[in-house]
Amino acid sequence: MFHFDHQKLSESYCNFFPATQSPAQAAGLGKLVSFIAADTSISDLRWVSYMLATVKHECEDTWTPATERGPRSYFDKYNPGTLLGTRLGNTQPDDGFQFRGRGYVQITGRANYERLGRALQLGNQLIDNPDLALDPEVAYNIMSYGMRAGAFTEKKLSDYINGYTCDYYNARRIINALDRAETIRDYAQKLEQVFKDVVVVANAPATAA
């Protein structure tokens, strides 16, 4: 578990990512860092760096949970009877739109909403109210659990970032094959340096997963 110097965070971040952060972006990143600081399952600074590199990409630098964009017809490709819809466990006529991507890591499909909701002891809340995945704390818990447990693709953080290796490139397989793997690797490398600057206390070695 980590403690971070929030006052230094924006300054250090801007040293590695020159574009100036807006107040909303800084607040979004600060909120995520607070969730990480309270997460007793995270003991490796490189996990922190990779998780946040993923959010930086998936949420387009906003640092807030996002919704998959497109006209309603775009989501027809996820409806029951389609290849994608079947794979995602969609069973009702409008499931493609109702269970479109949401959150810090864009969970998609009825089956994923149901499975992750139950894993986080939310019962059917994510099925009954899919927008709950946009609540920052819920979105963080989905991301943390999913990336640690391999709940998205059966690949998990410890497969790529552990006491023997740190493979930020192939870690993209935790979420989405190797889509934008190089970009996210570069983000993670910079974010690792950012967080080395702002860690005040770590209750476990920063390189021990």
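Guide: A salt bridge is a side-chain nitrogen of Lys or Arg within 4 Å of a carboxyl oxygen of Asp or Glu. The model is predicted, so local features need pLDDT of at least 70 and side-chain atom pairs count only at pLDDT 80 or more, while totals for chains, interfaces and linings use all residues. Residues are numbered from 1 along each chain as its sequence is written, and side-chain values use heavy atoms, with hydrogens and water left out.

Visitor: What makes the contact of Asp-186 and Arg-185 a salt bridge?

Guide: Their side chains meet at 3.0 Å, N to O. The limit is 4 Å, and therefore the pair qualifies.

Visitor: Why is Asp-186 called partly exposed?

Guide: Buried means under 20% relative accessible area, exposed over 50%, and partly exposed in between, with a 1.4 Å probe and protein chains only. Asp-186 has 30% relative accessibility, so it counts as partly exposed. Arg-185, with 23%, is partly exposed as well.

Visitor: Which term, buried or exposed, applies to Arg-46 and to Asp-44?

Guide: Arg-46 has a relative accessible area of 9% and is therefore buried. Asp-44 is buried too, at 0%. The side chains of Arg-46 and Asp-44 form a salt bridge of 2.7 Å, N to O.

Visitor: What do Arg-110 and Asp-95 tie together?

Guide: The side chains of Arg-110 and Asp-95 meet in a salt bridge of 2.8 Å, N to O. Arg-110 lies in helix H6 and Asp-95 in helix H5 (residues 95-98), so the pair ties together parts that are 15 residues apart in sequence. Helices here are DSSP runs of H or I with at least four residues, and strands are runs of E with at least two, numbered from the N terminus.

Visitor: Why is Glu-68 said to have no salt bridge?

Guide: The nearest side chain of opposite charge, Lys-77, is 5.1 Å away (Lys and Arg count as positive, Asp and Glu as negative; His and the chain ends are not counted).
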